[in-house]
Structures are given as C-alpha cells and as structure tokens.
Amino acid sequence: MDADAIVVGAGLAGLVATAELAAAGRRVLLLDQENAANLGGQAYWSFGGLFLVDSPEQRRMGIRDSAELAWQDWLGTAGFDRDREDRWPRRWARAYVDFAAGEKRAWLRDLGVRLFPVVGWAERGGHGATGPGNSVPRFHIAWGTGPGLVAPFARRVRAAVDAGLVTVRFRHRVEELLSTGGTVDGVRGTVLTATTAARGEASPRTAVGEFALHAPVVLVTSGGIGGNPEMVRRFWPDRLGTPPRHLVRGVPAYVDGRMLDVAEAAGASLVNRDRMWHYTEGVTNYAPVWPDHGIRILPGPSSLWLDATGRRLPVPLYPGFDTLGTLAHLRRTGHDHSWFVLTQRIIEKEFALSGSEQNPDLTGKDLRLLLHRLGPGAPGPVEAFKDRGADFVVADALPELVAGMNARTEEALLTLGDVEREVRARDREMLNPFSKDLQVTALRGARSYRGDRLLRVARPHRLLDPAAGPLIAVKLHVLTRKTLGGLETDLSGRVLRPDGEVLPGLYAAGEVAGFGGGGMHGYRSLEGTFLGGCLFSGRQAGRATAAAV
C-alpha cells in the first residue's frame, strides 16, 4: 500500500477530509488533476456564504430562528419524493440542519473563521410557510469570503505535508478505480503535463505518464458537472424545460464530472442525476478567467424582471426569491435570456456579485474599502460591470433603453409599448402605501429587516423617477453552478452499490456525492448550503475513513 488513504480532489471537501485523516495520524495521498494554484477548487471562488441556524449574528440582527423552522424550510425546499433515492439524502439533510444549528459555527470559529455581522436573506421563496425558501435570513458570509474559508484547511494540510503525513500530487488525473475481491483499493490514471496556468484557467490535457496507487480506502471529492455544458445538457430534466442553447459557466472547466462515471464503472450507485442547480441571473464576465465565464448577480428584490419578450415574470418569481421556479418558467418561454430593468439607485443598493474576486473588501478583509459599500454609489466591481459588461444597458429615457436592449440580441424581441406598460404599471403601485402588487409588498416588507434596509434593499421608488436614474437594463443568462445528485453514500460517506449495499473501500464527499447521500438538497437548495455541505460531508467522511484504517 502506498498510503492509508487516497483522496481524489483537492477542493474544499477534499481538504477537510485530508485534514481530518492527518489529524488522526493517517498517511494520505491527495490527488488532483490541476496544478497547485487551484488548491481549494471552486470554494476559493465563492462568496463564502454559510447556512447557520439560530446564530449569535442572527440574534444580534433581531432574527428569531430554530432548528425546527430550518427543517420545515429544508423539507419545503427539497421536495423529497423518491422512496429509494431519497432515503440517504433525507438523513443527510436532517444531520446537516442539526450541524448548522449546533456545532458548525463553533467548529469553524476554532479554526479561525470569522463571519460578517450582517446576515443576508437569499432564496426567499414566496410560496407560503411550507413551500421553498428561507423563512428568515440565514446567509452568513465568511470574513475573507471563499479564500478565507479555504485557508484554515489548506494550512492544516500543508502542516501535514511538512510532518510527512500527506503527499499532494497535482496533475494526476484519475481514470479508473482499482479493486481486489470486490473491494476498492486503489486508483489508476494519467499524469498530465506540468503547467503554470493561473487559478481557474483551462489547463492543457497532454499526457506525460501513467500512475497506479493503492490504499485500503479511496475517498472521492472531485466536485460536480457545472464546468461541462455537454454533461449538464445530458442530464437536464424535462421539468425544467429544454436545456439552453447558450450557457455561461459559473465554475472552471475542470469541474467536469469525470469521477462520477469513473465511480459508476467501479460499481457505485449514482442517484438523482436529474437534480441540478443553475442560476438565472448570470452575466458575461468582461474579464473571463475560464471559458464562457459568467458571474451571478445576487439581487435585492426591487428590479423589474421581464422575459425576453418584455412580459413581467409571474408571482412569486421576483429577484432573489425562487431560483429553480424562475428557471423552469423562463425555459418555457423559448428563449435563453431575460432582463432586469432597474435604476442607478437600485444597482447601488441591491446588486452584489457572487465570487471572491468580485468582493475585494470582504475577501481582503479591508474595513476601509468596506465603508464604500455602506456609502453612496455602487461597489467598484458592480460599476465596472455596468461600464464594461456586454450585458448592461444604461439610458436616461425608456425609448433609448429599449433600443439598447434590442441591440444586444440577435432579434429585436422587445417593443417600447410592452416594456413601458410594465414599467408604468409598477410605478403606479409605488404612488401610495397600499398595493396589490406582491413584489411591492415584498420589498417594503424586506425593509423591515434592518440588514436589508442597511445593505440590500433600496428605498421604494418609481423606475421612471428622474432623481433615481439613469435607467439600467441587464441581460441575464442561465449560469451553470451545482450538481444536486451524485454518488449515493451512507452517513459515514461510504459509497453504496445499486443494490443498496456498501461498496467496500470507496467513500465520497462534497458535490460528487450531492453534498451527502447522493443529494441532500433534494430538488432545490437553500442558499449557503453548498460550502456547508462540503464542510460537513468532508468532515464526516474524513473521520470515518480514519476510523476504517
């Protein structure tokens, strides 16, 4: 045996699991097909959002939360309805909610992770108490965003390397799981040519050698399929309509889903592959790092959302309310894009961009820069997209705005009359404190939470108010992001066979396992649970594999 355990994938789940194995004194081989610049994987690029329940940050903001309320929200969001495939995901979901309401915060704090004091309210739902969405704000941002969350686990792994417990082999692409007598006990693959490519950049796939390595257990933490549009379309479910012809990618190209097929070929059970999470608020990155690089807008609730033909989206498909409900609706329109219509006042208050690189104040822990976010004007990265992004239109009057919108599509689908009718109808609802428009009611209600009033929701106003201008339109694309299904595992992270029995020697954690069990989110996710799912499942599997060897 070359080690006590082999971990395939050096993203967040892989780092957490490797750190747990090393802490137990186990010798680990950590393999990744990319170079050292990509340590931490997708998590490094993230906004650092974490789902916590009844936290001190929530209580200080006047939020009353509980594990019971969070579990009600989770069930309403997940929609578990498959007796066979949801057996383990449901157990993982319950365990994760208890973790988020229990030791998660203290565990992270002991590792040096701190949280931004204002709790965000992402994925608000809007379908009723037992429907999808968060009943209260639960989106806690790690101080330092994704890099700040990755850092303590990377430090632990590097310390284990220095201690001789961990060997990291970059540019090692696993192509086969080896087994003896039905027990997985190794990996075989290709050594890729060395590269100096920067983090996230597509790297060469030239083979320069082969390898075979053996260990009593193999732990797969290789991520999902969001960087592989062909695989996304291959498993796109009918319930979400037809797959888009044009997709922007929210993750690097190395998020290719390769290990899902490799594990299945070795006898692993793959479940819920039709469940996936993609955003509808993607914009083309004017400074791309990876192919078709897109950035997600994290919107407040005030923008007017129109489909490609200028029709307003129905209740409750407002910005930031129901991601997959909006995706399913838009896919039925026959077009790959939609539009936000807003004002300068709204963009200044309500637009945030997902990604560590788009939030230099939070990522760099820069208090002086953070004060600019609290003051007048949009954050610098948002203004840069408004000025340089191909999907942004700025105009002083509605006719000019609509003309600019039509100029950004192959076919002029919008008429001034249709857009003006929707804009003026919304504006009339702003003229008094009463309204039958539920979006107006929702944004006024959002301002009753001081976190939204302080940072996320603009004072209600008419879109055609000259004092709030100029007018802005944003062309929105479908942005690939997360795989909600994957390798079926028990609560120890042991991978199962299609007959439900354990496949000896093989474990999985993170997105490749649907963040636990083969899909602990069910059909939909509550925001802030992807990073947390990597943390929790990586910890569970790391401790279990350490005990197994």
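**A buried pair, then onward**

Begin by selecting Asp-427 and Arg-426, both of which are buried, where buried means under 20% relative accessible area, exposed over 50% and partly exposed in between (1.4 Å probe, protein chains only). These two residues form a salt bridge with their closest N and O atoms 3.5 Å apart, a salt bridge being a side-chain nitrogen of Lys or Arg within 4 Å of a carboxyl oxygen of Asp or Glu. Before going on, note that this is a predicted model, in which local features need pLDDT of at least 70 and side-chain atom pairs count only at pLDDT 80 or more, while totals for chains, interfaces and linings use all residues. Residues are numbered from 1 along each chain as its sequence is written, and side-chain values use heavy atoms, with hydrogens and water left out.

**Further salt bridges**

The structure holds 36 salt bridges. Select next Arg-60 and Glu-57, whose side chains meet in one of 3.5 Å, N to O; both lie in helix H2 (residues 56-60), three residues apart, about one turn of the helix. Helices (H or I, at least four residues) and strands (E, at least two) are DSSP runs, numbered from the N terminus. Arg-60 counts as exposed at 53% relative accessibility, whereas Glu-57 is buried at 4%. Then select Asp-490 and Arg-494, where the N to O distance is 2.7 Å; Asp-490 counts as buried at 5% relative accessibility, and Arg-494 as partly exposed at 33%. Finally, show Arg-82, Glu-85, Arg-239 and Asp-274 together, which are linked in a network of salt bridges.

**A covered strand**

Which residues of E15 are buried on each face? Select strand E15 (residues 337-343), in which seven of seven residues are buried: His-337, Trp-339, Val-341 and Thr-343 lie on one side, and Ser-338, Phe-340 and Leu-342 on the other. In a regular strand the side chains alternate between the two faces of the sheet. Strand E14 (residues 304-307) pairs with E15 in the antiparallel sense over four bridges, where pairing requires that DSSP finds at least two bridges between two strands, and Trp-305 has Phe-340 as its bridge partner. Strand E18 (residues 471-483) also pairs antiparallel with E15, over seven bridges, and here Trp-339 stands opposite Lys-475.

**An open sheet**

Last, select the open sheet of three strands, which has the order E6-E7-E8 with antiparallel pairing. Strands E6 (172-180) and E8 (207-214) stand at the edges with a single partner strand each, so one side of each is left without a neighbour in the sheet. Seven bridges join E7 (residues 183-192) to E8, and Gly-186 stands opposite His-214 in E8.
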